[in-house]
Amino acid sequence: MMKKNVLLFSVVCLSISSYAQSLTNYLVHYNQSFNGKTSANANAVLVYTNAENTYVSSEKDIKGELLPPYERLLVERAGRNVLLKIAKLKNGSLILTRDSTALVRQQFIPTLETKVILGYPCKKVETSINSNKIELWYTDKLGVKGAPGELGQNLGLVLEVVRNGNTRTYATRVERVKSIPEQLKLRGSEKNYDELSYKDLIWKSRFTRIPVFHKERIRFSDEVKSDSILRFANGTVIVKKVRVPQIKSSDNVFVQLVEQSKGDAYDRTGSVFIIPDNQTQSFLDGMKNGMATLPKYENGNGKAYRGVVRSHSFEPIVELMRFFTPFGIKQFNHLQLKDKAWQDSVLYRQDITELAGMLSDRDIYIGTFIGNYDKNGHEVSLELTIHPGFDGGAESPLRKAMSLFTTTNVMEMGGQEYGSMFDRDKGLTMSFHLDQDAKNVQLRYITTGHGGWGNGDEFVPKENRIFLDGTLQFKYTPWRNDCGSYRLFNPASGNFVTGLSSSDLSRSNWCPGTVTPPIYIDLGELKAGDHSIQVQIPQGAPEGTSFSSWNVTGTLLYDN
């Protein structure tokens with residue numbers, strides 16, 4: 001009986017092996033072009049297919065030259081017609097997702113057009129994907145199916161795909177091969193995910209994420225403590241030390257913050273900043289030891305502005321992103337208005353690539369401030385992301401960056417004076433030193449006006465004037481008149497008898513629920529030595545206890 005079973009097993013294995021060998025395997029090479037031009041560094045698509053399976057890979061993948069994350073497709077045709085997507089992530093792990101209906105859901109419009117491609121008669125079908133017109137040419141003459149992507153796998157053997165008339169994927173060679181490369185076949189080590197989780201893992205594997213804060217509270221209270229997070233100004237400022245990896249000149253760097261109200265109903269000034277530590281004294285020293293220990297700036301009005309301008313021994317903070325909270329998002333969504341569906345949170349995201357030289361390959365102190373006196377305050381999540389660039393050319397040195405001034409009083413609840421030094425013609429005047437000649441010099445300038453009553457600078461346009469070495473270089477009037485676009489972020493915004501809401505009103509370069517982006521003022525070339533910067537703003541006079549102020553930040557960007 002044992003001998004019969006062994007014999008039967010041998011016959012079955014021989015039969016399976018013979019069947020596998022009897023399958024006709026094809027390899028199709030595809031090139032890709034845009035407006036008739038093929039990239040010099042193109043990675044040809046390779047499709048291996050037979051009656052049972054279709055594998056979509058690439059030339060660099062087969063040669064082992066492709067860096068993860070990258071993806072392969074597998075269509076299991078024998079009786080199932082299942083689409084499998086397999087990806088290799090940066091950490092070396094393999095993940096996959098299965099979809100048994102993806103190919104069935106595809107719909108095409110047949111046409112009467114035909115043409116011959118590589119000697120094979122082809123038919124044309126059309127479809128539309130996300131408003132993109134797609135044309136596919138396929139042949140039935142080889143008795144197998146396949147395509148250079150997910151689309152059209154059930155038509156026949158697709159030999160050309162044209163998107164929007166200008167992006168073309170086309171077969172350059174069809175050949176019979178003995179077998180399918182073993183490296184394309186499933187090994188059993190792949191972890192299975194639903195499609196949404198699979199896509200998310202691939203997406204996040206494409207760039208570097210540096211988490212800073214996760215659902216941390218910024219509120220006026222000393223009750224919240226944490227070993228890894230420093231808290232200042234009664235909890236309205238949080239700071240954490242993080243490690244940033246090396247950044248290449250072709251990379252893109254972003255900062256992203258998500259905010260919700262946990263009790264504060266008002267629009268507040270917010271800032272994401274880093275604390276440079278290149279000088280003898282840093283802003284962190286003032287946070288720890290008291291703002292009175294930091295260098296002071298005076299304009300003659302009798303006030304002392306601490307930690308706002310650069311000196312030979314001190315460098316002020318650098319604002320990565322200036323943002324403004326909306327009126328009570330999430331916490332006050334119960335304040336319903338007809339036809340108003342309030343947003344759940346606000347996401348602020350900004351490109352800060354120009355500051356990569358301050359971040360690359362170092363430990364940095366990064367903080368977030370929201371000025372408020374509410375015991376429940378706000379909740380924030382913050383991260384930096386570094387994205388590889390598209391340019392494969394030679395890398396160049398990162399731009400230099402030097403913090404010059406920041407009047408945003410992130411230590412507002414710790415006694416730091418408001419930026420009201422613009423009530424004198426002197427405004428803000430400071431000096432800086434360059435050790436070497438500088439080229440392509442720019443001033444990265446962020447400005448917002450504050451004073452929340454009718455005649456306050458928040459609601460009155462004021463011209464900003466920038467002087468370099470005593471000469472006027474730039475002037476403009478910062479203003480935002482699109483604040484009504486963000487009404488659905490502001491459930492607690494007051495409504496006036498005029499039919500407007502407070503969040504609708506135009507302001508001095510900010511709106512509740514938005515980022516205030518920097519502007520870049522070209523300064524040309526600067527010689528090594530000492531230089532001066534002056535900022536003048538015709539700040540409005542106080543009215544009773546109400547006063548105006550300006551949050552201005554200047555960071556010098558340059559090349560040597």
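Buried means under 20% relative accessible area, exposed means over 50%, and partly exposed is in between, using a 1.4 Å probe and protein chains only. Cys 122 is buried by that rule, since its relative accessible area is 2%.

This is a predicted model, where local features need pLDDT of at least 70 and side-chain atom pairs count only at pLDDT 80 or more, while totals for chains, interfaces and linings use all residues. Residues are numbered from 1 along each chain as its sequence is written, and side-chain values use heavy atoms, with hydrogens and water left out.

**View 1. An open sheet of four strands, in the order E13-E25-E16-E23.** Strands (E, at least two residues) are DSSP runs, just as helices (H or I, at least four) are, and they are numbered from the N terminus. Two strands pair if DSSP finds at least two bridges between them, and the pairing in this sheet is antiparallel. Strand E13 (208–218) and strand E23 (346–351) stand at the edges with a single partner strand each, so one side of each has no neighbour in the sheet. E13 runs antiparallel to E25, and eight bridges join them. Look for Glu 216, whose bridge partner in E25 is Val 380.

**View 2. Glu 379, a buried residue with no salt bridge.** You'll find Glu 379 in strand E25 (residues 378–387). A salt bridge needs a side-chain nitrogen of Lys or Arg within 4 Å of a carboxyl oxygen of Asp or Glu. Lys and Arg count as positive, Asp and Glu as negative, and His and the chain ends are not counted. For Glu 379, the nearest side chain of opposite charge is Lys 262, 4.1 Å away. Leaving aside residues up to four places away in sequence, Glu 379 has contacts (heavy atoms within 4.5 Å) with several residues, including Lys 215, Arg 217 and Lys 262.

**View 3. Strand E22 (residues 318–324), largely enclosed by the rest of the structure.** E22 pairs with strand E17 (residues 269–274) in the antiparallel sense over six bridges, and Ile 274 stands opposite Val 318. E22 also runs antiparallel to strand E31 (residues 515–516), joined by two bridges. There, Arg 322 stands opposite Thr 516.

**View 4. The disulfide of Cys 483 and Cys 511.** A disulfide is a pair of cysteine sulfur atoms within 2.5 Å, and here S to S is 2.0 Å. Both cysteines lie in the loop between strand E30 (471–476) and E31, so the pair ties together parts 28 residues apart in sequence. Cys 483 and Cys 511 are both buried.
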